[in-house]
Amino acid sequence: MASTRSQAEGLSQGPTRTGSPAPDVSSTHENVSRKETTASGLTKKSRIAERDKLDYRPFILSNAALFGSLIINCGILAGLIVFEKRTYFVVSTPAYYALLASLILIGTCTVTHLEAMLLNLFRMMPFILCAREQGATMGQTILRSYFPSPSFWDAWETKNWLLMLAYTIYYPSYSVIGFKSALLYESWDDTDIRLHVNDWACYTLIAFYSVIQLYLIIVIIYLWQHKTGVRWDPVSIADILVLFRHSNTLKYFEGSSIAQRQSMVKNLEKIPLHLKYWGAEDSKCWHGFGIDDAGSSDDDKTSPVPIDTLALIRYNSAWAVANPISVYFHFFLAFSLMVLFTVGISITPSITPDGGYCWAPQNLSRNWANFLLDVVLTTAVSFLSDFWAALSLFVVHTEPLARMARPSESGEPAKYTLLLNYTSSFLPVRIYNAFMNKHWKLVRIMFWELLQRLFPTLIGTSIIVYSRVNSDGCVVCFSMPLFIVVIVGLASCAGLIFFELLLASVFRRTPRDYLSIADIVSWSSTSQLLHREADSTNSDESEYDIDDPLDVDVHGEKGKRWYMQSRLELQLKQYRLGYAKVPGQEYYAFGITDEIPEKLPEVRPTRLARKLELKKQTTEESGLPEELDIVMRNRFKTFERLLLESEDTTVSYDNGEIFQHQIGNEPERTDENP
């Protein structure tokens, strides 16, 4: 169906929908004293108004946090060197357990800190790259899966050495917890408790913390040389959309709401993108993403899609953390560890007077016992913690979409959708906020993530390896109370994996995984949120300018995040996610809307298989249309529609078979109905 919108090319998409001409894009710089003409009539302003600095950093990447981490790690290195120089230490039994628990907790904090740095570097990298003077391409930035699921291959393909370094350091850091657990050992035959140092564990930790110090210095230098390009932390959906409110890039995303990710990358990856202050001769300055030359284009075109197919596409992607292979692997890992700990107690041949279960394994040296029971075992449990951290990040990241996707026609206000932010705060704060908002699924998962981070400490302190003075053998002792806690915890972990993942509803699922900035822009490019012009002369609310809440100034209180958030909430609008008519048109697109979306056939997952199935009823019985016209082509490109497969998993919905997902553009199928 042909579009009737105006063909005038310009900065803001809002005016083009009403037929009025749009202002041109302008690239501005600080000390420009004369006006220069650029491509497509773009101009540099002769005088620049006062503007906010574009150098905001998340706390974890601030100079204070980075230099503080350097100082703390220097203290850790100093302690390790002291351990290495001493032959042994004499401490009491309570002090020994406290010291061992402290070492493992420090290792856990190291892993958590590196994880936070990894996530924030990946999250901020699209903004940093686009804020450079030369800018970047969409394929290097907003189309990439940087957050919340950082991909090493995305860093490799874009040749981003800093992200590759962050990724390379983070995952081996889980072994730090194991090496901290194996750092000290006791002698079984000593009258006093003498703590000896495992040299191989100590040298490994010294080397790894030295690499971390070098990594921190590199990050400090990189961030010193590159500004982030943002005024506040872009953590909520509204924070992202503000940067596209006046952008002339939106026209490129129209028609991509249910497009294959590979098709989006193929069509958009080479488009240059900048993040900076823009302005034109007849309009105010604004801040956000844009391109210097929007070019010309044809009308949008649509494709009729059966309503049953649209229902399956609507809940198509089940997220990589819900991949059956990942789910079953971590379930069996938790179950196997539970069995291992149970067997460990049952085969222990003797009980010491203090209640510890001890046994002397044959043909097992003390070094190998430390490596297997401390390093390997503790690291394996740490990967369970990583799984729950990924699951927690998934639910907090998709919670705004889940709130908008609920079947209630009333929708949800901006506070619980566009403005919802659980990703940038510390874990205890997130749990408290979720509890106050009565988001119980988030409370359960984040609380369990917090408990899982304590598991390496419990396991490390529940197993003690003693050396024998006159032989290379060892004695292994278990703490019965701690073992019971660990066994119960691992059993609960295995059960919760099935409960939270395999028995989950479909409301967190989207046509594509929500993995990039481009995904949320694709689902908002035809929304009135980004195409609303405030009429301050006729609006009764003109004093507060709430008609266009995403239009913010570049300086002063009206350019602050709180002002944007307050205007969104004052609108009292309810937001939903689904197939809705494009404003001013007769065709549909999937995305965020403040109107009631089109009703779809009921869909439910088939539980363990993670497939989808439709409720058996005809469109006549349900009163639903047989098909909808979905925009699949914008003025520049034609996108390929999603296949009925869950992205980044191995689940196909057309015939229920499981197979490896193919990479690249695939031919469209004709047998799409389940």
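Ser257 lies in the loop between α9 (250-253) and α10 (261-268); helices here are DSSP runs of H or I with at least four residues, strands are runs of E with at least two, and both are numbered from the N terminus. The model is predicted, so local features need pLDDT of at least 70 and side-chain atom pairs count only at pLDDT 80 or more, while totals for chains, interfaces and linings use all residues. Residues are numbered from 1 along each chain as its sequence is written, and side-chain values use heavy atoms, with hydrogens and water left out.

Ser257 is buried, because its relative accessible area is 2%. Buried means under 20% relative accessible area, exposed over 50%, and partly exposed in between (1.4 Å probe, protein chains only). Leaving aside neighbours within four places in sequence, Ser257 is in contact with Pro511, Arg512, Ser522, Trp523, Ala589 and Phe590, where contact means heavy atoms within 4.5 Å.

Arg509 lies in the loop between α17 (480-502) and α18 (517-522). At 3% relative accessibility, Arg509 also counts as buried. Arg509 and Asn316 are 193 residues apart in sequence, yet their C-alpha atoms are 6.6 Å apart in space.

| Side chain | Backbone atom | Distance |
|---|---|---|
| Ser257 | nitrogen of Phe590 | 3.1 Å |
| Arg509 | oxygen of Tyr315 | 3.2 Å |

**Helix α2**

Helix α2 covers residues 63-85; at 1.5 Å a residue its 23 residues should span 33 Å, and its end C-alpha atoms are 33 Å apart, which agrees. The expected span is 1.5 Å times one less than the number of residues. Among the buried residues of α2 are Ala65, Leu66, Asn73 and Phe83. Their cover includes β1 (89-90), α3 (93-130), β4 (194-197) and α7 (199-225).

**Nonpolar cores**

A nonpolar core is a set of buried Ala, Val, Leu, Ile, Met, Phe, Trp, Tyr and Cys residues joined through side-chain atoms within 4.5 Å. Which residues touch the most other members of the largest nonpolar core? They are Leu183 and Phe244, in a core of 128 residues. Helix α3 gives the most to this core, with 16 residues. Apart from it lies another core, of 48 residues, among them Leu337, Val381, Leu420 and Ile487.

Terms used:
A polar contact is a pair of N or O atoms within 3.5 Å; within protein, one must be able to donate a hydrogen and the other to accept it, and residues adjacent in sequence count only if both atoms are side-chain atoms.
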